[in-house]
Each structure stands twice: as C-alpha cells, then as structure tokens.
Amino acid sequence: MMKKIFYVAMVVIAVFVVLGVSSPGIPLENPPQRSLWMPLTIAGVVTSFERPESGVWVIAETKDLGTGYRKIVVTDDQGRYLLSRPPESELYRVVRGYGLVDSAKVQATPGKPLDLKAVIAPSPKEAAQYYPAAYWYSLLHIPPKSDFPGTGPNGNGISERIRTRASGLN
C-alpha cells in the first residue's frame, strides 16, 4: 500500500513540474532592448538593393590579439547573421559572396546591432577576384577530347606536350 501511494505521489509531482515548466509565459509589454539581452553578440541583417542577401559570408577579423583572428558566419534566408562571443578588441566586418565584391570594413561593437550592405560586383570577372579558387575553376572552358593531343601555338593553342585531356586538366 505504501509503495502504491509513493508512485501516485511521484506521478502527481511530475505532472505539477511539467505543467509548471511548460506553461505558456506572459508576453512582455516592453521587451528588453537588443543590446541588453545580447551583450556578447554582434548581429544584424545583410542587404543589397533594399532586400536581404542570403547565403553570403560575414567575416569578422582583427589583428589586435597578438595573432590573427577571423570568424566567418553565413546569413540565413532572411539575410540575418549572428556572431556570438567575439573577442574584446577592434573587430571589423566584411561581407563576401558570389556575385559580390568585398564590402568596406566596418567596425563592430558587441551588443549593438550592425546591419551591413552587400556590394554587387560590376562584372563576373571582378566578382571572381574575391571568391575561392573553385569559383575560378567553374569559369574555365574545358576543351573537348578532340583537341588533344595539343597542336601548339599555331594550332589549337594547347601545348604539343599535353597528349590527353586528363593531363591537360592536371
């Protein structure tokens, strides 16, 4: 009988705990300011032409720490980014992404929102100067197998020493 009372008491306590923890909260009439509830973050929205830029890199960097510090975050589908716990030093932000050129460096302070502007590249060539080598590779025109072996500068422009397409790609 004591065992049964114990189990019932445990179930009742568990129900009260669950209801107490999961009960809906009362919304705040005056929500806290962003800088008060996120003192150790830098957050904002990246836009270009007044619309959010999704999937672009926001790069935070400094050289004030004795060694270089760089942290990269990526914007979500609404152009939002968040960098948590940046070091206490002069921290600069840059926006980088496909079709963009690097934005001007902007100084950031933890706890203060920082919206950034993405800079659209004037041409694909200029955009490729800022993005990784894989992007450059995607711009290459790979010659067909019929162009191998190369016939030299007076032929197809491929060196005569390159006998196969595979060796040309290497």
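Visitor: In β2, which residue is the bridge partner of Thr47?

Guide: This is a predicted model, in which local features need pLDDT of at least 70, side-chain atom pairs count only at pLDDT 80 or more, and totals for chains, interfaces and linings use all residues. Residues are numbered from 1 along each chain as its sequence is written, and side-chain values use heavy atoms, leaving out hydrogens and water. Strand β2 (residues 51–52) runs antiparallel to β1 and is joined to it by two bridges, strands being paired if DSSP finds at least two bridges between them. The partner of Thr47 in β2 is Pro52.

Visitor: Which residue takes a positive phi in the hairpin of β1 and β2?

Guide: The hairpin has two residues between its strands. The positive phi there lies near 50° and belongs to Phe49.

Visitor: In β9, which residue is the bridge partner of Thr47?

Guide: Strand β9 (residues 116–117) pairs with β1 in the parallel sense, over two bridges. In β9, Thr47 has as its bridge partner Lys117.

Visitor: How many bridges join β1 to β5?

Guide: β1 and β5 run antiparallel. The number of bridges joining β1 to β5 is five.

Visitor: How many helices and strands does the protein chain have?

Guide: Helices (H or I, at least four residues) and strands (E, at least two) are DSSP runs, numbered from the N terminus. One of the helices is α4 (residues 133–139), which holds Tyr137. The secondary structure of the protein chain comes to five helices and ten strands.

Visitor: How many of the eight residues of β1 are buried?

Guide: Buried means under 20% relative accessible area, exposed over 50%, and partly exposed in between (1.4 Å probe, protein chains only). Thr41, found in strand β1, counts as buried because its relative accessibility is 13%. Strand β1 is largely enclosed by the rest of the structure, because its buried residues number seven.

Visitor: How many residues has the largest nonpolar core, and which elements give two or more residues to it?

Guide: A nonpolar core is a set of buried Ala, Val, Leu, Ile, Met, Phe, Trp, Tyr and Cys residues joined through side-chain atoms within 4.5 Å. The largest one has 15 residues, and those with the most contacts inside it include Ile42, Val46, Val58 and Tyr81. Two or more residues come from each of β1 (41–48), β3 (57–62), β5 (80–84) and β6 (91–96).

Visitor: What distance separates the closest N and O atoms of Lys105 and Glu61?

Guide: The structure holds four salt bridges, each a side-chain nitrogen of Lys or Arg within 4 Å of a carboxyl oxygen of Asp or Glu. Lys105 lies in the loop between β7 (100–101) and β8 (106–108), and Glu61 in strand β3, 44 residues apart. Lys105 counts as exposed at 57% relative accessibility, whereas Glu61 is buried at 15%. Their closest N and O atoms are separated by 3.7 Å.

Visitor: What is the N to O distance of the salt bridge between Asp102 and Arg96?

Guide: Arg96 is partly exposed, because its relative accessibility is 24%. Another pair, Asp76 and Arg80, meets at 2.7 Å, N to O; Asp76 is partly exposed at 26%, and Arg80 is partly exposed at 41%. For Asp102 and Arg96, the N to O distance is 2.6 Å.
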